Amino acid sequence: MIRIIDDQIKRFIDFLNQNYGTEAECIVSVFNCQDSVCVSEDGKEEQSLFIPEADLVMLTTEKPANGIFDSAGNPAPKFYEDNYTLIKLAHEYGHFLQKYGKLPNPEDLEENEKVADSFAQKAVKEFLRWDAIKIDKQKSICQWQKEIHQNAINHGWWDNPRTPGELLMLVVSEVSEAFEEVRNNHAMTETYYSEKGKMEGVPSELADVVIRIMDLAEYYGIDLEKVIAEKHTFNKTRPFKHGGKKL
């Protein structure tokens, strides 16, 4: 029997097909063939490592014993080391997309490989963000509080005492940064990334607001999930536009 590969790679294939798949759905199944990952167009459980009639990608899942190097012979960045299998698979998927006209397909071999490499890096980075979000959606507010506060501790932000005023003004600073994104003509829903891969935009700054609030709430032992539920329940009982204020 052919063994299905690990769950992360199956999720990656689903992600690629959902976001980049061609009309021909060129990659529909993934399975293990001895020491290689095989991707077959027709979805049949082929046991051969070479099938001339089918679109087939063979990808060694083990990292080379002598390390990973780029085309110039330099050691590959840590991102490649950590995500070797995903990048190799995405690279070959890029070639499928070239075949079906979804990516540029230059005749020069070196340029052709650069297109597939660029696609692979972009696809893997997007997948890792998407996969983390998909998994983290299962967490409660209480779990988020604890994890966010622990991360702040781990990064040294609680090495020295912090005052309530300082912590609250840091929340305000994140709101101000969201306002600056609007002033710079970014849409409220726009997310973009810096050259170093840092998430930017109003959604990112709003996330920072929540992260700041959760960090200080966990430090002071405030159960935000309980407080939000109680406050929301009370707000539902208040009259229409209560308080008589304009905004």
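Helices (H or I, at least four residues) and strands (E, at least two) are DSSP runs, numbered from the N terminus. The model described here is predicted, so local features need pLDDT of at least 70 and side-chain atom pairs count only at pLDDT 80 or more, while totals for chains, interfaces and linings use all residues. Residues are numbered from 1 along each chain as its sequence is written, and side-chain values use heavy atoms, with hydrogens and water left out.

The chain contains 8 helices and 5 strands. Read from the N terminus, its elements follow the order α-β-β-β-α-α-α-α-α-β-β-α-α. Of its 247 residues, 32% are buried, where buried means under 20% relative accessible area, exposed means over 50%, and partly exposed lies in between (1.4 Å probe, protein chains only). The chain exposes about 16600 Å², of which carbon and sulfur atoms supply 55%; such areas come from the Shrake-Rupley method with a 1.4 Å probe, and for residues only the protein chains shown count as cover. A contact requires heavy atoms within 4.5 Å. Among contacts in the chain with a separation of 6 or more, 55% join residues 24 or more positions apart.

The salt bridges come next. A salt bridge is a side-chain nitrogen of Lys or Arg within 4 Å of a carboxyl oxygen of Asp or Glu, and the structure holds 8 of them. One of these joins the side chains of Lys114 and Glu111, with 3.6 Å from N to O. Because the two residues are 3 residues apart in helix H4 (residues 109-136), about one helical turn separates Lys114 from Glu111. Lys114 is partly exposed at 45% relative accessibility, and Glu111 is partly exposed at 36%.

Helix H4 also contains Lys122 and Glu126, which lie 4 residues apart and therefore about one helical turn from each other. Their side chains form a salt bridge of 3.1 Å, N to O. Lys122 has a relative accessibility of 44% and counts as partly exposed; Glu126, at 28%, is partly exposed.

Another salt bridge connects the side chains of Arg212 and Glu174 at 3.2 Å, N to O. This pair links distant parts of the chain, since Arg212 belongs to helix H7 (residues 202-219) and Glu174 to helix H6 (residues 164-183), 38 residues apart. Arg212 is partly exposed, with a relative accessible area of 28%, whereas Glu174 is buried at 6%.

Helix packing can be followed in H5 (residues 141-154) and H8 (residues 224-235), which meet at an angle of about 140° with their axes 8 Å apart. Here axes are lines fitted to C-alpha atoms, for helices over the stretch in contact, and angles run from 0 to 180 degrees between N-to-C directions. This angle makes H5 oblique to H8, because angles under 35 degrees count as roughly parallel, over 145 as roughly antiparallel, 65 to 115 as roughly perpendicular and the rest as oblique. In H5, Ile141, Cys142 and Gln145 meet Leu224, Glu225 and Ile228 in H8.

For Asn185, phi is about 70°. Asn185 lies in the loop between H6 and strand E4 (192-193) and is exposed, with a relative accessible area of 71%. For Lys241, phi is near 45°. Lys241 is placed in the segment after H8 and is exposed at 65%.
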